[in-house]
There are 2 protein chains.
Amino acid sequence: MTTATENNPLILLQNSEQMKINPKYRLLVASTSTVFGSGYLEYIIDDAIKFLKADEILFVPYARPSGATYDEYTESPKKAFGQKGIKVSGLHEFSEPKKAVQNAKAIFIGGGNTFLLLKTLYELELIDELKTAVSNGIPYMGTSAGSNICGIDIGTTNDMPIVYPPSFEALGFLPFNINPHYLDPDPNSKHKGETRETRIYEFHKFNSQPVVGLREGSRIEVEQGSAALKGPLTARIFRQGMEAVEVNDLGILKEQ
Amino acid sequence: MTTATENNPLILLQNSEQMKINPKYRLLVASTSTVFGSGYLEYIIDDAIKFLKADEILFVPYARPSGATYDEYTESPKKAFGQKGIKVSGLHEFSEPKKAVQNAKAIFIGGGNTFLLLKTLYELELIDELKTAVSNGIPYMGTSAGSNICGIDIGTTNDMPIVYPPSFEALGFLPFNINPHYLDPDPNSKHKGETRETRIYEFHKFNSQPVVGLREGSRIEVEQGSAALKGPLTARIFRQGMEAVEVNDLGILKEQ
């Protein structure tokens, strides 16, 4: 066992102190909204409802998948949760978005483009509002881009940088980064572009936080200061200067 | 035929005036350094030598593929061009990089991470130096990230945002953006992450410049104000508000 030292930021980051999560946080961090062969949120809706424990959800549509309008996008969660008797409002429907976040019973930030999502949150000055709400115990659900921004920064997004945000720093609810839609290298590929694994190794040449590669169908649930991996698949954990490992739970992130 | 108007930036951008390229530019903009089953630069080295017409090349290693050091990375072009009797120096070997760019006979910027490459060029204040050199007719070769930065901005890179550059604005040698390593959607994929095409359509919700999807093995050669598509494959052209088209040459970019 290695001892954490100030000269070794990697070990410092791995130690339990650095990996602590605010015990008030209630987060459902999902790799994707939709798995192959099933409808929007269908694979996760029952678990989400159980986790969020709210009869009303504030949906943040800013990531605009495929450039959908806020109204178009908000229709999807309205329908998915509506069928279960839960009301969804789009944050864009409120004239005062800060107040809407302050009054939310549960918050769901959907997927799309992570750069666009983060830029819009900065422009509307909602970063601190979201941090405050979640620190107060308001349950948060994210899918894809909405999960990416739960990490320390968006440096491990898969998205195209279609707009320039004022910073890559994200909500930082988790003491690590997320790579959603994690894809294993294809051994038969003839393509010479980088694999996901190569990209994350490059990330660790310049950044020390661990990265959790979250496969489609997987999610992380955070409660009482503890992060649990849920869903049928293992996750792939990348730590600076180490070989990636395949895990059934996230305990390794607390090891020294 | 539609006439260009000030109220229609799309058409303005498509019109020949906007699509003009400085007649002094000599650019070889390649999708990749390496095609499947062949060595570094092997598929392109003879064409590159004919195009660059220089016995000495200044190599810019800042994109650091897989986090390679500058020395490690520079070995590859040194070997590939060296075998053909052409000397390659790494820009990092010079104590005054600005002067090295000013004195270069030909410049080659290699692939790796586009964010890291652009950030380093800004930090070393080399953007203007590169623009001046290329405006003076110094031949420029780029592969992958080195091609990406020839476009208006890096908004259509495939890379992971592992570092935060002070701007996404790039060298702007081309009046359009490049998407290197262009990949067609896989009709058999069960993955729900965005396809390359979806990502570029999203880009065009917020940006008006055309995007050239350049497949591996393809390159663009720019001389005397004209851009020619070279290599065995067609390219895919994306224009704001239009369906993507498959082309053998880049003439469509000048059409109104």
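Predicted model: local features only at pLDDT ≥ 70, side-chain atom pairs only at ≥ 80, totals over all residues.
Residues are numbered from 1 along each chain as its sequence is written, chains are lettered from A and ligands numbered from 1 in the order in which they are written. Local features need pLDDT of at least 70, side-chain atom pairs count only at pLDDT 80 or more, totals for chains, interfaces and linings use all residues, and side-chain values use heavy atoms, with hydrogens and water left out.

**Stop 1: A:Asp153**

Select A:Asp153, in the loop between helix H7 (145–148) and strand E6 (177–179) of chain A. Helices (H or I, at least four residues) and strands (E, at least two) are DSSP runs, numbered from the N terminus.

Buried means under 20% relative accessible area, exposed over 50%, and partly exposed in between (1.4 Å probe, protein chains only). A salt bridge is a side-chain nitrogen of Lys or Arg within 4 Å of a carboxyl oxygen of Asp or Glu.

Now show the side chain of A:Asn177, which is joined to that of A:Asp153 by a polar contact of 2.9 Å. A polar contact is a pair of N or O atoms within 3.5 Å; within protein, one must be able to donate a hydrogen and the other to accept it, and residues adjacent in sequence count only if both atoms are side-chain atoms. A polar atom of the A:Asp153 side chain also lies 2.8 Å from the backbone nitrogen of A:Gly155.

**Stop 2: B:Lys119**

Move to B:Lys119, whose side chain meets that of B:Glu123 in a salt bridge (2.9 Å, N to O). The two are separated by about one helical turn because they are 4 residues apart in helix H5 (residues 114–123) of chain B. With a relative accessible area of 23%, B:Lys119 is partly exposed.

**Stop 3: B:Lys105 and B:Asp55**

Select this pair next: their side chains form a salt bridge (3.4 Å, N to O). It links distant parts of the chain, 50 residues apart. B:Lys105 is partly exposed at 44% relative accessibility, and B:Asp55 is partly exposed at 49%.

**Stop 4: B:Arg219 and B:Glu221**

Here a salt bridge (2.9 Å, N to O) joins the two side chains. B:Arg219 is buried at 9% relative accessible area, and B:Glu221 is buried at 10%.
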